[in-house]
Amino acid sequence: MITVNNVTLQFGQRKLFSEVNIVFSPGNCYGLIGANGSGKSTFLKVLSGEIDSTAGEVSIPPGKRLSMLKQNQFAYDEYSVLTTVIMGHKKLYDVMMEKDAIYAKPDFSDADGMRVSELEGEFAEMDGWNAESDAAKLLTEVGIPTSMHTMLMKELEGSQKVRVLLAQALFGNPDILLLDEPTNHLDVETCMWLEEFLSRFENTAIVVSHDRHFLDNVCTHIADIDFSKIKVYSGNYTFWSESSQLAARQRTEQNKKVEERRKELQDFIARFSSNLSKSRQATSRKKILEKLVVDDIQPSSRKYPYVHFDAEREAGNDLLDINDLCISVDGKPVINKLSLVIHKGDKVAFVGPNDLIKTLLFQALAGEVTPDAGTFKWGFSTRRAYLPKDNSKFFTSELTIVDWLRQYSDEKAESFIRGFLGKMLFTGEESMKPVNVLSGGERVRCMLSRMMLSRPNVVVMDEPTNHLDLESITALNDGLQRFKGTVLFSSHDHQLVQTVANRIVEITPKGVIDRVGMNFDDYLADERIKTLRKQIADA
């Protein structure tokens, strides 16, 4: 349990949150959500004691241990991978170090003997004899092979360090677990493992994530930062999102009687509860929702951009033909003899652990990278829009957002440009900001605006949800589902891939797995595909 009493945090004139009162209870997993810049990561630092609040206090019962996912990848560079994980349990690690130092003394005194006896007792109480094997097991489960366990952290790649730090946070069954974007840099299989781990976690967990699928699978409650307050709601992210939007719509329905509104909300709760799966965590959520009273559902102040791609003309049947495409980096083949035929209406998710493969393919199709060999041919009637992973070259000028977007619009009128930007949440003075000072999320919303104005019938997107908040991700998801044209995209957002794609393509340097008419969950669960993936890797 962790209790927040009247906590206020203020930086100068800016108040992030004010008089927050929450009790985070054992057995629950809380998803901490809020708009970009609302203070989610900062609030976790207040809970962990890394940052002092301006007023109020955070209290943890005596003897309870808090663990937080560290963000500094270089903090443990001089330690071995296995030691770094064990250091997640500071008290246990300190006991181990003191114990080893005493045993290493050449002149072992009676006082040393008494002290080491005390330490051995504490060590046993904390299950110290199993520490190395438990740490090794965790490392293996997060994708760090045994061969790396004795390596120094500085010898690992960034994505591997992130996995080690995740294992560090989970190590030793902490009483309170704080995870800030834990799925970043994880592959699908490791994400699924983490979801299962948190579903079985019996203590208190608080997570920040932009992955809606992850939040839905692990959270029993949502803690929403809004208007400098934090309010806790029962249920997972989708329940919070849909119920708050329903409550907001009801506010505008002045003619609907109070009882009709209550009945509508009660029906929503019942329907959502009955649709939950049978997993342990889902069963727990179902019980919570069944106890929920209608008055607990409140409208949210969140605003959603409007993402809608309207093709100027329909594409022909001959859309894209790729033949024996080869691309190498520094002399090493990354894409080797790739052949694919993309048809009109395909919504293709390119998946797999190697992000560079997908980025190079999209760059080649957009004319930004020249293949070493092979060809590709777009259909004559295609009108394409491309969202690159790195959009920095588009935002070097000091143009305002209005003038920047005007460059890409056939309609130049101020009223049209401002109206379009308003739909993308750039209103009033916001639309007059210079583009070279925009945040990552604002840049992506600008790029989406640019794409929509081109009225494409083919959309190519490389990790489009990077930097976006949950509301913008949801809007993009809805827009791509509505789009009648062709979509080629890569994304680590499980829900986006699951709900948009009607074709899954996994490219490896040694072969391609291509499944038409199969959604992402079925692809991941298909044992034949798992066998095929292994055969390709061993070839």
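Tutor: Start with pairing: two strands count as paired if DSSP finds at least two bridges between them. Keep in mind that this is a predicted model. Here, β8 and strand β9 (residues 229–234) run antiparallel and are joined by six bridges.

Student: Which residue is the bridge partner of D224 in β9?
Tutor: That's K231. The two strands make a hairpin with two residues between them, and F227 in the turn has a positive phi of about 55°.

Student: How many bridges join strand β3 to β8?
Tutor: Five, and β3 (residues 29–34) and β8 run parallel. One spot to look at is G34, which stands opposite I225 in β8.

Student: Why is β8 largely enclosed by the rest of the structure?
Tutor: Buried means under 20% relative accessible area. Six of the six residues of β8 (residues 221–226) are buried, so the strand is largely enclosed. Both faces are covered: H221, A223 and I225 are buried on one side, and I222, D224 and D226 on the other.

Student: On to the rings. How many aromatic pairs are there?
Tutor: The structure holds 13. Among them is F123 with W129, edge-to-face at 4.9 Å centre to centre and 85° between the planes.

Student: Is F123 buried or exposed?
Tutor: Buried, because its relative accessibility is 4%; W129, at 62%, counts as exposed. K99 also lies over the face of F123, 4.2 Å from the ring centre.

Student: Where does the charged end of R450 sit?
Tutor: Over the ring of Y408, 4.7 Å from its centre.

Terms used
Residues are numbered from 1 along each chain as its sequence is written. This is a predicted model: local features need pLDDT of at least 70, side-chain atom pairs count only at pLDDT 80 or more; totals for chains, interfaces and linings use all residues. Side-chain values use heavy atoms; hydrogens and water are left out. Rings of Phe, Tyr and Trp (its six-membered ring) pair if their centres lie within 6.5 Å; planes under 30 degrees apart count as stacked, over 60 as edge-to-face and the rest as tilted. Buried means under 20% relative accessible area, exposed over 50%, partly exposed in between (1.4 Å probe, protein chains only). A charge sits over a ring if NZ of Lys or CZ of Arg is within 6 Å of the ring centre and within 35 degrees of the ring normal. Helices (H or I, at least four residues) and strands (E, at least two) are DSSP runs, numbered from the N terminus.
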